[in-house]
Amino acid sequence: LKGLTIEISNLSTNLGVSSNELISISTTLAQAGLSIGQTTIALEALAKAALAPTFDDLNRTVEGSIALMRQFGISTNQLEGALGSINAVAASFAVEAGDIISAIQRTGGVFAAASNGVSQGTDALNEFVAVFTSVRATTRESAETIATGLRTIFTRIQRGSTIDFLREMGVQLTDAEGKFIGPYKAIERLSGALRRLDPRDLKFSQIVEELGGFRQIGKVIPLIQQFTTAQQALKVAQEGQGSLAKDAITAQQSLAVQVSKVREEFVGFVR
């Protein structure tokens, strides 16, 4: 506990993040089952996220961090890189970090399960962020609506009947061993196949309906047609793991953060 207290004091005085907020989220992390050592490591990543311009609510970021660690099997040592990827994508595309967090909470587990054995951990997370971004940036529908639609699509795309149907249409979604190739790779193959079809072609409509049903057609079409955006977002996510540290350094130049650091030094002295 003393080590945790020292870490909170150091983060609040060095970065200018409220010690009260850090204490509060420490409780949340402990309730999620993290040890004091893991909580101490996670706090640094979350404190930097609080200074990044794309993350607007620290409590929401904490809840999302717990979700992505649990669903994608990401350790506290990898948390800063994962949040950095989200930060970089949110800064480069028409998608908010809060939206990505909401989508992870609702659909991340389904995507991670479908990706198991193909891509895992931060690789699977970056693929999910990229896929979600391609739809959100195109349709501007709410994160909740898109997440619900993607959950339906990721579930249907693994069904034996759907795989057989798509095989007849010339799209192979299994490998040589008959195993599913993963959602990201599946979307890539579907995008390549449907790019050659006229949207007015009945075969195009059949494939889209099979993937999402009547209710989720509005999500399937941009998901397939905007795969180039997903590829660009994936590249940004992979290269942006260190973005939190850069934004934290930039934030130190603001007067508000400098005042906060002085205040936290006094609070730390009293504590």
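Let's start at arginine 140, which sits in the loop between helix 7 and helix 8 (143–156). Helices here are DSSP runs of H or I with at least four residues, strands are E runs of at least two, and both are numbered from the N terminus. A word on the ground rules: this is a predicted model, where local features need pLDDT of at least 70 and side-chain atom pairs count only at pLDDT 80 or more, while totals for chains, interfaces and linings use all residues. Residues are numbered from 1 along each chain as its sequence is written, and side-chain values use heavy atoms, with hydrogens and water left out.

Back to arginine 140: its phi is near 60 degrees, a positive value in a residue other than glycine. With a relative accessible area of 41%, arginine 140 is partly exposed. That label covers the range between buried (under 20% relative accessible area) and exposed (over 50%), using a 1.4 Å probe and protein chains only.

Now zoom out. The chain has 15 helices and 0 strands, and its C-alpha trace spans about 70 × 35 × 30 Å along the principal axes. Of its 271 residues, 52% count as buried. Contact means heavy atoms within 4.5 Å, and residues 24 or more positions apart account for 71% of the chain's contacts with a separation of 6 or more.

Proline 53 lies in the loop between helix 3 and helix 4, and at 71% relative accessibility it counts as exposed. Proline 53 and arginine 196 are 143 residues apart in sequence, and their C-alpha atoms are 40 Å apart in space. At the start of helix 4, a side-chain oxygen of aspartate 57 comes within 3.0 Å of the backbone nitrogen of asparagine 59. Helix 4 has 15 residues and should span 21 Å at 1.5 Å a residue; its end C-alpha atoms are 20 Å apart, which agrees. The expected span is 1.5 Å times one less than the number of residues. Among the buried residues of helix 4 are Leu58, Ile66, Leu68, Met69 and Phe72, and its buried residues pack against helix 2, helix 3, helix 5, helix 6 and helix 7. Just past the end of helix 4, glycine 73 takes a positive phi of about 65 degrees.

Helix 5 (residues 76–92) comes next, with 17 residues reaching 25 Å from first C-alpha to last, close to the expected 24 Å. Helix 5 is mostly covered, with 12 of its 17 residues buried.

On to the charges. A salt bridge is a side-chain nitrogen of Lys or Arg within 4 Å of a carboxyl oxygen of Asp or Glu, and by this rule there are 9. In helix 3, lysine 48 and glutamate 44 are 4 residues apart, about one helical turn, and their side chains meet in a salt bridge at 3.4 Å, N to O. Lysine 48 is buried at 13% relative accessible area, whereas glutamate 44 is partly exposed at 33%.

Glutamate 96 and arginine 136 form another bridge, their closest N and O atoms being 2.9 Å apart. This pair links distant parts of the chain: glutamate 96 is in the loop between helix 5 and helix 6, arginine 136 is in helix 7, and they are 40 residues apart. Arginine 136 is buried, at 10%, and glutamate 96 is partly exposed, at 34%.

In helix 10 (residues 183–194), glutamate 188 and lysine 185 are 3 residues apart, about one helical turn.

Finally, serine 19, in helix 2 (residues 19–31). Serine 19 is buried, at 1% relative accessible area. Its side chain makes a polar contact with the side chain of glutamate 264 at 2.8 Å. A polar contact is a pair of N or O atoms within 3.5 Å; within protein, one must be able to donate a hydrogen and the other to accept it, and residues adjacent in sequence count only if both atoms are side-chain atoms. Leaving aside neighbours within four places in sequence, serine 19 is in contact with Ile8, Ser12, Glu264, Val267 and Arg271.
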